Amino acid sequence: MATQPSNALARETGGSRPRRLRLPRVSRAGRSDYRRFNKRSLLGIAYATPTALFVLIFFVVPLVLVFVMSGSDWSLLGGRKGVNFPENFHDVVQHRWFWQSIWFTIKYTVIVTILLIGLGLGLALLVQESTKWKGFLRTAILVPSALGLASASLLFYALYSPQVGPISPMLKVLGLTSGDTVILGSPSGAMWATVFLVVWRFSGFYMLLLLVGLQGIPSDLYEAARMDGAKTWKIFSRITLPLLRPSIALSTIMCVTGSLLAFDQFYILTKGGPDASTMTVVQLIYNIAFESKKSLGMAAALSVIVLFALVLINVFQMRVLRDPDKK
Amino acid sequence: MKKLFGWLPTSSYYVLTAGLAIIFLAPLVWTAVTSLSPQAGSAQTDGWGFGNYDTLIHYQLGVGKYAWNSTVITLLTVVFVLIVSLLGGYAFAKFDFPGKNALFLLTLSILMVPYATLLIPLMVSLKAMHLNNTLIGVALVIAMFQLPFATFMMRISFEAVPREMEESALIDGCGTFGALARVLLPAVKPGLITVGLFAFLAAWNDFMVPLYLVGSENQPLPLALVNMRQQVMGVIDYGATQAGVTVLAIPCVVLFLVLQRQYVAGFMSGALKG
């Protein structure tokens with residue numbers, strides 16, 4: 001990880017040196033070299049053009065447009081009706097669900113990240129060696145991650161239903177609830193039900209990410225530690241965890257980003273309910289755009305806020321989580 | 001590390017891990033089984049059978065129409081992603097041109113921008129291009145969201161190919177495109193399969209992009225199923241929902257099991273170099 005950038009740099013400069021022009025104005029050979037370099041870079045531009053067009057049309061233009069929209073009076077059906085600059089942002093912040101949805105999104109993100117990274121690490125350690133049984137386990141844990149989040153949410157919607165799902169009766173048998181419970185009917189029930197769904201769907205994903213990191217740790221380090229008489233826990237805390245740091249950092253950043261932007265699972269499973277208690281920020285964007293205000297201007301304003309928050313949070317995470325050696 | 005779970009007696013280790021396997025597999029098995037089993041309030045009330053699938057087939061425009069929409073979106077997305085990332089990866093790995101690194105970083109920065117932030121303006125800009133409410137519009141947008149991973153993956157795939165391979169093809173009289181098609185393409189095939197697999201899973205399963213961008217007749221399967229559940233509120237037909245989830249899940253699970261190695265390979269490169 002630490003050597004990667006310098007490697008890439010070496011490869012890049014080394015790769016272009018033979019073709020790169022040294023003294024173009026001096027010799028004939030130099031001139032033809034110059035032309036070849038030019039032609040070669042034109043070809044490179046040609047091959048990169050589809051990427052550039054895609055990024056320009058479907059990323060850069062909308063990104064500029066969202067800023068324009070966030071300052072405009074722009075309704076879902078009526079289109080643009082003039083400037084509405086600070087008001088959109090003001091209205092969004094004043095929205096009765098604004099702080100509530102932010103608070104819920106953060107709470108959900110913290111819970112999911114702790115569970116997924118912890119569980120992912122535990123599972124990765126559990127299935128590390130390649131035996132037949134562990135290979136099967138790995139596959140079993142990974143299968144849900146092939147499913148779409150929307151399909152998984154529909155699946156769990158049925159699983160949680162008091163009519164056909166087995167979960168309600170199971171909770172009753174275990175004595176955790178009395179009577180017929182509607183799992184999604186209470187705020188905490190709805191949240192934990194969604195957390196369980198997300199953990200089920202994504203555990204394999206994070207297990208795999210961390211497994212890749214684990215397999216990058218040289219085995220002679222473990223052997224040396226064991227020769228020195230280190231106990232299992234000590235090996236784990238002094239060797240595994242520090243060397244796994246880049247993988248854990250990557251997993252954490254991905255998990256935090258994904259959870260902060262949670263939408264599908266709540267849209268399908270809880271609809272933000274009961275009483276908007278499980279409304280996430282991204283759901284609020286959808287709600288403002290299509291359901292309540294039908295204002296694309298306000299939705300764009302909230303989108304811009306989310307964008308800045310996400311960039312800030314990611315910069316902060318990279319600062320905190322990055323390798324201390326590289327500071 | 002072998003000893004981390006060494007305190008567990010072997011038998012309880014197997015009980016624990018078998019329990020885990022059951023937790024992860026049971027919901028899938030449950031859905032597939034109950035979609036066929038008799039259930040009150042569904043089309044399959046007595047005996048086992050395909051009644052729920054029959055409900056799906058006759059729901060509104062028919063499941064066939066929605067499955068067709070999903071198929072078109074998925075195929076177009078995979079084709080777009082493969083072509084763009086193949087050419088882009090070649091350009092980024094083997095050529096030098098002004099703005100190369102800026103474009104590469106810009107492509108990766110798509111990852112930093114939330115779906116929702118782009119979908120609101122995309123509704124407007126696709127309309128200006130007459131791509132609103134079209135399958136091709138949805139495919140183009142999903143393909144764009146796949147580009148960071150795909151471009152990164154193809155760049156490192158091309159970088160791993162020795163330079164001599166391309167050069168000898170060029171000396172033999174191939175143009176760069178000939179070198180790409182005849183010599184480099186086979187060498188980057190594993191990368192292409194990984195990119196294609198991820199594009200397939202993303203497009204087949206995407207819910208949010210079509211939710212924002214298309215109307216009823218162009219809904220893909222996941223969106224249609226969610227709407228089906230909502231339109232019969234009060235009397236939710238769980239049987240039909242379970243049948244729908246099964247239909248959605250089968251291609252993904254099969255493809256995953258067949259291409260598991262490529263799936264893992266995608267992670268290897270992403271996690272090691274990320």
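**View 1. The loop between H11 and H12 of chain A, with Asp275(A).** Asp275(A) counts as exposed, with 9 C-beta neighbours inside 10 Å. By definition, a residue is buried if 20 or more other C-beta atoms lie within 10 Å of its own, exposed if 12 or fewer, and partly exposed in between, with C-beta atoms placed from the backbone. This is a predicted model, in which local features need pLDDT of at least 70, side-chain atom pairs count only at pLDDT 80 or more, and totals for chains, interfaces and linings use all residues. Residue numbers start from 1 along each chain as its sequence is written, while chains are lettered from A and ligands numbered from 1 in the order in which they are written. Asp275(A) is not a glycine, yet has a positive phi of about 55°. Lys271(A) also lies in the loop between H11 and H12 of chain A. For Lys271(A), again not a glycine, phi is positive at about 55°. Lys271(A) is partly exposed, with 16 other C-beta atoms within 10 Å.

**View 2. Helix H12 of chain A and its surroundings.** Helices (H or I, at least four residues) and strands (E, at least two) are DSSP runs, numbered from the N terminus. H12 of chain A covers residues 281-291, and nine of its 11 residues are buried, so the helix is largely enclosed by the rest of the structure. The buried residues of H12(A) include Gln283(A) and Asn287(A), along with Val281(A), Leu284(A), Ile285(A) and Ile288(A). On the chain A side, the buried residues of H12(A) pack against H4, H11 (264-269) and H13 (296-321). Helix H5 (115-128) of chain B also packs against them. Two residues are in contact if their C-beta atoms, placed from the backbone, lie within 7 Å.

**View 3. The crossing of helices H4 and H10 in chain A.** H4 (residues 98-126) and H10 (residues 232-260) of chain A pack at an angle of about 145°, and their axes are 9 Å apart. Axes are lines fitted to C-alpha atoms, for helices over the stretch in contact, and angles run from 0 to 180 degrees between N-to-C directions. The crossing of H4(A) and H10(A) is right-handed; the near helix is turned clockwise from the far one by less than a right angle, whereas a left-handed crossing is turned anticlockwise. Among the H4(A) residues in this contact are Thr105(A), Tyr108(A), Val112(A), Leu116(A) and Gly120(A). The H10(A) side includes Ile248(A), Thr252(A), Cys255(A), Val256(A) and Leu260(A). The residues of the contact of H4(A) with H10(A) are eight nonpolar, seven polar and no charged. Here Ala, Val, Leu, Ile, Met, Phe, Trp, Tyr, Cys and Pro count as nonpolar, Asp, Glu, Lys and Arg as charged, and the others, Gly among them, as polar. Met254(A) is placed in H10 of chain A. Met254(A) is buried, with 21 other C-beta atoms within 10 Å.

**View 4. The contact of chain A with chain B.** Chain A contributes 75 residues and chain B 77 residues. On the side of chain A that touches chain B, the largest share comes from helix H2 (residues 28-70) of chain A, with 20 residues. That side of chain A divides into 52 nonpolar, 19 polar and four charged residues.

**View 5. Ile120(B) and the largest nonpolar core.** The largest nonpolar core has 159 residues. A nonpolar core is a set of buried Ala, Val, Leu, Ile, Met, Phe, Trp, Tyr and Cys residues joined through C-beta atoms within 7 Å. The residues with the most contacts inside this core are Ile285(A), Ile120(B), Val141(B) and Met144(B). Helix H6 (residues 135-159) of chain B gives the most to the core, with 16 residues. Not counting residues up to four places away in sequence, Ile120(B) touches Val66(A), Met69(A), Ala289(A), Leu296(A), Ala299(A), Ala300(A) and Ser303(A).

**View 6. The two domains of chain B.** The domain assignment of chain B gives domain 1 (2-34) and domain 2 (51-273); such bounds come from an automatic or database domain assignment. Taken over C-alpha atoms, the centres of domain 1 and domain 2 of chain B are separated by 33 Å. The contact takes four residues from each of domain 1 and domain 2 of chain B. Chain B has 13 helices and zero strands, and 47% of its 274 residues count as buried.
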